[in-house]
Amino acid sequence: MIEEILGHLEKVKRLAGGKYQACCPVHGDKNPSMSLTEKDGKVLIHCFACGAKGIDVVRELGLPAS
C-alpha cells in the first residue's frame, strides 16, 4: 500500500524502521518535510511544514482514499 503512494512522490528517502521521508505535494515542497510509515495495514502521513495529513496528500495526488 505504501509503495503506491511513494511512487507518486518526489525525493523519497528510506529511513530506519521502515519509515520514509518525501516532499509534500500539498504545498509544493522543495525539501523533504513529510514523513510516511505503514502500521497495522495503514499508511500514516504527516507533513511537518504545512501540517498535511494522509487524506490531504492522497487527495492532492488524485489517489483513492480507503
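The exercises below, each with a worked solution, concern a predicted model of one chain.

**Exercise 1. Overall fold**

Task: State how many helices and strands the chain has, and in which pattern they follow one another.

Solution: 
- The chain contains 2 helices and 4 strands.
- In sequence order, these elements give α-β-β-β-β-α.

**Exercise 2. Chain dimensions**

Task: Compare the radius of gyration of the chain with the value for a compact globule of 66 residues.

Solution: 
- For 66 residues, a compact globule would have a radius of gyration near 11 Å.
- The chain has 11 Å, so the two values agree.
- The C-alpha trace spans about 30 × 25 × 20 Å along its principal axes.
- As for burial, 33% of the 66 residues count as buried.
- Among contacts between residues at least 6 apart in sequence, 29% join residues at least 24 apart.

**Exercise 3. The setting of S33**

Task: Decide whether S33 is buried or exposed, and list its contacts beyond four places in sequence.

Solution: 
- S33 sits in the loop between strand 2 (20-22) and strand 3 (34-39).
- Its relative accessible area is 15%; the cut-off for buried is under 20%, so S33 is buried.
- Beyond neighbours within four places in sequence, S33 is in contact with A22, H27, H46, C47, F48 and A49.
- For one of these residues, A49, the C-alpha to C-alpha distance from S33 is 6.0 Å, at a sequence separation of 16 residues.

**Exercise 4. The partners of D29**

Task: D29 is buried; find which side chain of opposite charge is nearest and which polar contacts D29 makes.

Solution: 
- D29 lies in the loop between strand 2 and strand 3.
- The nearest side chain of opposite charge is K11, 8.2 Å away. A salt bridge requires a distance within 4 Å, so D29 has none.
- The side chain of D29 makes a polar contact of 2.5 Å with the side chain of S33.
- The D29 side chain also reaches the backbone nitrogen of C24, at 3.1 Å.
- Not counting residues up to four places away in sequence, D29 touches A22, C23, C24 and M34.

Note on methods
Residues numbered from 1 in each chain as written. Predicted model: local features only at pLDDT ≥ 70, side-chain atom pairs only at ≥ 80, totals over all residues. Heavy atoms only, no water. Buried < 20%, exposed > 50% of the residue type's maximum accessible area, 1.4 Å probe, protein only. Contact = heavy atoms within 4.5 Å. Lys, Arg positive; Asp, Glu negative; His and termini not counted. Polar contact = N/O pair within 3.5 Å; in protein donor to acceptor, adjacent residues only side chain to side chain. Rg over C-alpha atoms; globule rule 2.2 N^0.38 Å.
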